Amino acid sequence: MQITTTARDGSTLAEVLISVLICAIFFSAIFEVNAICLRYVDATKETVSAIQTANDRVEILRNIAFSDLLT
């Protein structure tokens, strides 16, 4: 006895659910990586801002006359 298949064979419910689950995991991973990258960008901006503030203070002290530093 031979089983024949036709062009009307479709996907089973289990196959569809597994493919939906794989797509959901894939897209949630993309969004999580995006969130991590945005946190890194924010941390980098804060670091650059802190370094710039420290450099500005050093430049202010460097430009003050020595006699003004003593008083």
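Mentor: Gladly; here are the labels and the cut-offs behind them. This is a predicted model, where local features need pLDDT of at least 70, side-chain atom pairs count only at pLDDT 80 or more, and totals for chains, interfaces and linings use all residues. Residues are numbered from 1 along each chain as its sequence is written, and side-chain values use heavy atoms, leaving out hydrogens and water.

Trainee: Why is the contact of Arg39 with Glu32 called a salt bridge?

Mentor: A salt bridge needs a side-chain nitrogen of Lys or Arg within 4 Å of a carboxyl oxygen of Asp or Glu. The closest N and O atoms of Arg39 and Glu32 are 3.7 Å apart, so the pair qualifies.

Trainee: What makes Glu59 and Arg62 a salt bridge?

Mentor: Their closest N and O atoms are 3.1 Å apart, so they meet that cut-off.

Trainee: How do you know whether Arg62 is buried or exposed?

Mentor: Buried means under 20% relative accessible area, exposed over 50%, and partly exposed in between (1.4 Å probe, protein chains only). Arg62 has 59%, so Arg62 is exposed.

Trainee: And why is Glu59 called partly exposed?

Mentor: Glu59 has 35% relative accessibility, which falls between those limits, so "partly exposed" is the label. Glu32, at 43%, is therefore partly exposed too.
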